[in-house]
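The following paragraphs lead through a protein structure step by step. Please keep the sequence and the model in view while reading.

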Amino acid sequence: MEPGELLHGDTFSLFEAVSAVMIGDPRMDAGADRTARSAAQLVADGGAPLQLTPSQVVAVMDRLMSLEAAWHRGHFLPQSIYTCLYMLLPHRADGMLFLAAFCKALRGTVNTARSLTLLSNVCMDEDMMPHAFGLDIEDRACSVAGSLKPLAALTLAEDRLNSLKGRGASATAPATAAAAAADVSAAAAMGARPLHAQPAAPGAPSRQQAPEGGGDEDGAAPESTSAEASPDATCTGSLSCGSGEGAVAGAPDAGTDRPTASEGQLREALQARLRFRRTLHLALEKLLGFKAPGDLDEAAGYLQAAQAQLQVVRDTARFGAPAGDAMVDSCFDAAVNRPLMSPTPPRRMPVPSPEETWEHFGGLLERLLAACRISAVATWRQLQAFLHAFKDRRPGSIERAALHIVLRGGKGASGGPPHASSPPWTPRPALIAPVVGLPAGPAAKQPCEEADLFLDQATIVTQNWCQAMCLNPARTRRRLWRLLEDWHNLKGP
């Protein structure tokens with residue numbers, strides 16, 4: 001070759017040369033960063049402490065929600081949600097009931113959202129990255145049966161908060177044997193290893209270990225028997241989020257001018273976040289497992305409840321530890337999962353601010369509610385208007401995925417034509433026939449074989465158009481261009 005010439009072949013051109021990655025160069029290969037420390041090394045150096053104050057727990061929960069919003073916007077799971085050491089090492093939070101329940105529910109919601117995007121066939125890599133890059137993120141939460149454990153964990157945590165509120169949450173109030181055993185039983189119900197559990201008072205009746213799954217089939221917490229215990233039992237009436245001493249509610253943030261939150265305010269903040277996780281998780285599970293129009297009404301109820309809790313989350317965000325808190329920062333590490341990344345150039349991930357996070361989830365809930373209103377659609381013209389109006393809302397990946405699963409009659413309805421029991425809005429011959437002047441109804445017979453063929457082709461065109469309207473704007477334009485061939489088939493020979 002002479003200077004100025006470019007090597008070119010059938011499988012190697014200028015495009016491949018420009019887009020090639022220098023494998024092993026940390027500047028071009030995200031997985032080649034040899035300075036990244038593993039989760040175990042970070043924990044050994046003091047990361048993910050076993051006890052946090054309630055305000056620090058609130059701050060960790062809020063940062064996890066910000067990282068969840070970043071994942072929804074297209075960033076990688078290992079570089080967003082799973083930069084939290086408590087998500088990578090679930091048993092690390094066993095001694096903190098509220099944080100453990102939050103992380104377990106978040107893990108379940110991640111799996112449900114991944115199932116939505118993978119089964120809907122309308123989300124692309126530029127929309128949302130469901131790939132786990134080898135992380136162990138499965139929590140058997142991709143089905144209704146598998147979601148019982150996250151819900152049971154939330155139930156136990158909420159019941160604990162309610163019991164504290166009922167006793168007045170006095171730091172000097174006498175404990176009960178049931179309260180002393182609550183954290184141990186909660187950890188067992190969540191499949192966890194209890195940390196630093198203290199025995200009940202001498203003579204107090206023992207409590208049996210909670211069954212796997214955390215309670216009955218509705219995810220309710222097991223009942224307990226109350227008896228007096230010694231004053232030095234681990235679980236007193238105070239709002240304690242740690243497994244040892246020093247996790248005192250309402251303790252001021254050292255070195256800051258941040259106002260001190262009362263124990264009641266911190267309890268309200270924790271309860272709102274747990275309830276938000278519960279209602280969002282249940283809504284997504286209902287949409288993923290859609291079978292009948294009544295599921296949309298239930299999902300809408302959960303979404304409205306999530307909206308109410310999100311407002312409380314926004315209002316109580318000021319009770320969390322301030323930005324820069326060393327204990328909170330030690331719970332996260334942006335480089336911990338870099339060795340798992342594929343050989344691609346490093347990608348900077350901006351984390352949404354708290355206000356951007358609340359706006360993101362507010363929009364998510366609003367657009368999911370809009371998707372649930374498809375139950376009012378009964379004709380083709382109404383379906384057209386509904387999809388155009390939904391498209392104008394600029395929905396994200398999860399909303400478009402949920403709508404498409406509902407639109408085609410459920411996740412099990414893919415791969416075949418809609419049947420007679422399909423919801424009225426599902427693109428099918430009975431929906432199209434009145435528009436083209438053909439007989440409609442379950443027992444309607446078409447006047448000729450050509451009419452049957454035309455109606456079948458029109459149904460295919462309609463189904464493909466509906467799917468195109470659930471894609472992102474760039475993909476919608478490309479898909480509509482490809483649908484011209486389907487329209488050509490309607491002309492006949």
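A residue is called buried when its relative accessible area is under 20%, exposed when it is over 50%, and partly exposed in between. The model under discussion is predicted. By this cut-off Phe 390, with a relative accessible area of 4%, is buried. Phe 386 also counts as buried, at 14% relative accessibility. These two residues, Phe 386 and Phe 390, are four residues apart in helix H12 (residues 380–392), and so about one helical turn separates them.

Aromatic rings such as these may form pairs, and the count of aromatic pairs comes to five. One of them joins Phe 290 and Trp 425: the ring centres are 6.0 Å apart and the planes stand at 45°, so this pair is tilted. Distant parts of the chain are linked by this pair, since Phe 290 lies in the loop between H8 and H9, Trp 425 lies in the loop between helix H13 (397–407) and H14, and the two are 135 residues apart. Both Phe 290 and Trp 425 are buried. In the pair of Phe 386 and Phe 390, the ring centres are 6.3 Å apart and the planes are at 10°, so the pair is stacked.

Helix H8 may be considered next. Of its 26 residues, 21 are buried, and H8 is therefore largely enclosed by the rest of the structure. Helix H8 covers residues 263–288 and, at 1.5 Å a residue, should span 38 Å; the C-alpha atoms at its ends are 38 Å apart, in agreement with that value.

Helix H9 (residues 293–315) contains Leu 310, a buried residue with a relative accessible area of 5%. Apart from neighbours within four places in sequence, Leu 310 is in contact with Met 65, Phe 276, Trp 358, Phe 361, Gly 362 and Leu 365. Between Leu 310 and Trp 358 there are 7.4 Å from C-alpha to C-alpha, although they are 48 residues apart in sequence.

Loops also contribute to the picture. Ala 48 lies in the loop between helix H2 (39–44) and helix H3 (54–72), and it counts as buried at 0% relative accessibility. Among the residues that Ala 48 touches, not counting those up to four places away in sequence, are Leu 85, Tyr 86, Arg 92 and Cys 331.

The loop between helix H14 (429–432) and helix H15 (449–469) holds Val 436, which counts as partly exposed because its relative accessibility is 35%. Together with Val 435 and Phe 454, Val 436 forms a nonpolar patch on the surface, with about 200 Å² of accessible area for the three together.

Technical notes:
Residues are numbered from 1 along each chain as its sequence is written. This is a predicted model: local features need pLDDT of at least 70, side-chain atom pairs count only at pLDDT 80 or more; totals for chains, interfaces and linings use all residues. Side-chain values use heavy atoms; hydrogens and water are left out. Patches are made of residues with over 30% relative accessible area and no salt bridge: like charges are joined within 9 Å, nonpolar side chains (Val, Leu, Ile, Met, Phe, Trp, Tyr) within 5 Å. Accessible areas come from the Shrake-Rupley method with a 1.4 Å probe; for residues, only the protein chains shown count as cover. A salt bridge is a side-chain nitrogen of Lys or Arg within 4 Å of a carboxyl oxygen of Asp or Glu. Buried means under 20% relative accessible area, exposed over 50%, partly exposed in between (1.4 Å probe, protein chains only). The expected span of a helix is 1.5 Å times one less than its number of residues. Contact means heavy atoms within 4.5 Å. Rings of Phe, Tyr and Trp (its six-membered ring) pair if their centres lie within 6.5 Å; planes under 30 degrees apart count as stacked, over 60 as edge-to-face and the rest as tilted.
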